Amino acid sequence: MGEVAAAGEHDRMHFFDSKGGADQCRITADHVMASGALPPGFPPVRIGGDWYWDGGIASNAPLQHVLDEGTEFDKNIFQVDLFPAEGPFPGTLLDAETRAQDIRHASRTRLGTRQEVELSPARQVVRRMLARCAPDLSKLSPAELQVLRRFACEQHIEIAQIIYRDKAYSGKARGYEFSRPTMEAHRAAGRRDASRALSIRDWTKRPAVSGVTCIDVGAPLANAAAAE
């Protein structure tokens, strides 16, 4: 599945999905290039009759789309956030621009995660109410019943949030600074954080807690279970 933002006259998000749904398609190199075409470092990529940029322009981590797909299934989700919301107070104009980029992109990711964590207790309450009270749902339409059941569906979801806190290159140009030392630093940080995420628990097993749990992989392991 890929996520891109339209660069032409139609200002919208678009999800290309090789698994199914309305956007089912065969993922090609063009889709991969479009999902990484972050301006101004890269031009938009044409797919069909439209031009697309990196979906991070609108949503850097489309968590909601993943959660909405297959609500009957449990999920182990690895969410990589390239922009940390926390950081030092800026002391220069360049620092201020860097912090603005971090906050602008990271805030959306954390908002989506926080909303899902906060919705989890409400889903459990609705599920218990339906099971214990046996309310009369005969006046609801099939579509309304489906919405209610999807909302109350019991899911075990654990989100491993991998936040990139290293700064191999700072400043406005870091989105398109691809020198060899910078790329090697990025890869080393990625291997380190991925290894740490995989070592937290056995991810082939179902999450132990019903609802949504978020783990900050970069936090000290003693506090790793703290939700965002």
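Student: How many bridges join strand E6 to E7, and what makes the two strands a pair?

Tutor: This is a predicted model. In it, six bridges join strand E6, residues 156–163, to E7. Pairing requires at least two bridges, and with six bridges the strands E6 and E7 therefore count as paired. The two strands run parallel.

Student: What is the order of the strands in the open sheet, and which are called edge strands?

Tutor: The order of the three strands is E5-E6-E7, with parallel pairing. Strand E5 (75–81) and E7 are the edge strands, because each pairs on one side only. From one strand to the next, the twist averages 20°. In general, strands of a sheet pair through backbone hydrogen bonds, either parallel or antiparallel.

Student: Why is Thr213 called buried?

Tutor: Its relative accessibility is 19%, and the term buried applies under 20%. Thr213 therefore counts as buried. The residue is found in strand E7, residues 211–216. Leaving aside residues up to four places away in sequence, Thr213 touches Ile157, Glu158 and Ile159.

Student: What makes E7 a mostly covered strand?

Tutor: Six of the six residues of E7 are buried. For the chain, 33% of its 228 residues count as buried.

Student: Are Cys133 and Cys214 buried or exposed, and why?

Tutor: Cys133 has 54% relative accessibility; exposed means over 50%, so Cys133 counts as exposed. Cys214 has 0% relative accessibility, which lies under the 20% limit, so Cys214 counts as buried.

Student: How many disulfides does a search of the whole structure find?

Tutor: The search finds zero disulfides.

Student: Why is Asp81 called buried, and where does it lie?

Tutor: Asp81 lies in strand E5. Its relative accessibility is 0%, under the 20% limit, so Asp81 counts as buried. Asp81 and His105 are 24 residues apart in sequence, and their C-alpha atoms are 8.7 Å apart in space.

Student: What does the secondary structure of the chain come to, and which pattern does it follow?

Tutor: There are five helices and seven strands. Read along the sequence, the pattern is β-β-α-β-β-α-β-α-α-β-α-β.

Student: What share of the contacts joins residues at least 24 apart?

Tutor: Among contacts between residues at least 6 apart in sequence, the share is 61%.

Student: What is the mean pLDDT of the chain, and where is the pLDDT below 50?

Tutor: The mean pLDDT is 78, and 82% of the residues reach 70 or more. The pLDDT is below 50 over residues 220–228. Beyond near neighbours in sequence, this stretch has 15 contacts in the model.

Key
Residues are numbered from 1 along each chain as its sequence is written. This is a predicted model: local features need pLDDT of at least 70, side-chain atom pairs count only at pLDDT 80 or more; totals for chains, interfaces and linings use all residues. Side-chain values use heavy atoms; hydrogens and water are left out. pLDDT is the predictor's confidence in each residue, from 0 to 100. Contact means heavy atoms within 4.5 Å. Helices (H or I, at least four residues) and strands (E, at least two) are DSSP runs, numbered from the N terminus. Buried means under 20% relative accessible area, exposed over 50%, partly exposed in between (1.4 Å probe, protein chains only). Axes are lines fitted to C-alpha atoms, for helices over the stretch in contact, and angles run from 0 to 180 degrees between N-to-C directions. A disulfide is a pair of cysteine sulfur atoms within 2.5 Å.
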